[in-house]
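Please read the note below alongside the sequence and the coordinates.

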Amino acid sequence: MLIARSVSLFVLAALLEIGGAWLVWQGVREHRGWAWIGAGVIALGAYGFVATLQPDAQFGRILAAYGGVFVAGSLAWGVVADGYRPDRYDVAGALICLVGVAVIMYAPRGR
């Protein structure tokens, strides 16, 4: 149950951070305006809050592991939102990152 909660929080954090950055990108680069930028800033702030809800208390571990989620999530966002087509190296790299997440966060540790 603890792993499911942690994974869910990582997914929510990725949606907020990647989505927030995408909204800012759309507002600035695609000239969609300040409302898009503002929504992106709010989403990015919410991401910062969600990251604090992880059950593990080690900031460095959480952010290091989240980096792998961010990599895979960014590629997935590109596929869904922008029609990006990852090649086999993109996919392999994302899978390697997710294995790293699992090792960093969920490997058994002596307490």
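The numbered points that follow take up the overall fold, the core, the charged residues, the loop and the surface.

1. Basis of the note. This is a predicted model, in which local features need pLDDT of at least 70 and side-chain atom pairs count only at pLDDT 80 or more, while totals for chains, interfaces and linings use all residues. Residues are numbered from 1 along each chain as its sequence is written, and side-chain values use heavy atoms, with hydrogens and water left out.

2. Overall fold. The secondary structure of the chain amounts to 4 helices and 0 strands, arranged from the N terminus as α-α-α-α; here helices (H or I, at least four residues) and strands (E, at least two) are DSSP runs, numbered from the N terminus. The C-alpha trace spans about 50 × 35 × 20 Å along its principal axes. Among contacts in the chain with a separation of 6 or more, 66% join residues 24 or more positions apart, where contact means heavy atoms within 4.5 Å.

3. Exposure of the chain. Of the 111 residues, 28% count as buried, on a scale where buried means under 20% relative accessible area, exposed means over 50%, and partly exposed lies in between (1.4 Å probe, protein chains only).

4. The nonpolar core. The largest nonpolar core has 15 residues, of which Phe10, Tyr66 and Val69 touch the most other members. Helix 1, helix 2, helix 3 (59–82) and helix 4 (88–106) each give two or more residues to this core, and the largest share, 6 residues, comes from helix 1. A nonpolar core is taken as a set of buried Ala, Val, Leu, Ile, Met, Phe, Trp, Tyr and Cys residues joined through side-chain atoms within 4.5 Å. Leaving out residues up to four places away in sequence, Val69 touches Phe10, Ala14, Leu98 and Val101. In soluble globular proteins, nonpolar side chains tend to be buried together.

5. Which side chain of opposite charge is nearest to Glu17? It is Arg29, 17 Å away, and Glu17 is buried yet has no salt bridge; in this count Lys and Arg are positive and Asp and Glu negative, with His and the chain ends not counted. Glu17 lies in helix 1 and, apart from residues up to four places away in sequence, touches Leu44, Tyr47, Tyr66 and Phe70.

6. The salt bridge. The count comes to 1 salt bridge, defined as a side-chain nitrogen of Lys or Arg within 4 Å of a carboxyl oxygen of Asp or Glu. The side chains of Arg61 and Asp56 meet in a salt bridge at 2.9 Å, N to O. Arg61 is partly exposed because its relative accessible area is 21%, whereas Asp56 counts as buried because its value is 18%.

7. His31 is found in the loop between helix 1 and helix 2, and its phi is near 55°, a positive value in a residue other than glycine. With a relative accessible area of 70%, His31 is exposed. Arg32, also in the loop between helix 1 and helix 2 (34–51), is partly exposed at 43%, and beyond its neighbours within four places in sequence it is in contact with Gln26 and Gly27. Gln26 is found in helix 1 and is buried, at 6% relative accessibility; not counting residues up to four places away in sequence, Gln26 touches His31, Arg32 and Trp36.

8. A surface patch. Ile3, Val7, Val11 and Leu15 form a nonpolar patch on the surface, with about 340 Å² of accessible area together. Patches are made of residues with over 30% relative accessible area and no salt bridge, like charges being joined within 9 Å and nonpolar side chains (Val, Leu, Ile, Met, Phe, Trp, Tyr) within 5 Å. Val7 has its place in helix 1 (residues 2–29) and counts as partly exposed at 38% relative accessibility.

Technical notes
Areas by Shrake-Rupley, 256 points an atom, 1.4 Å probe, with all protein chains shown as cover.
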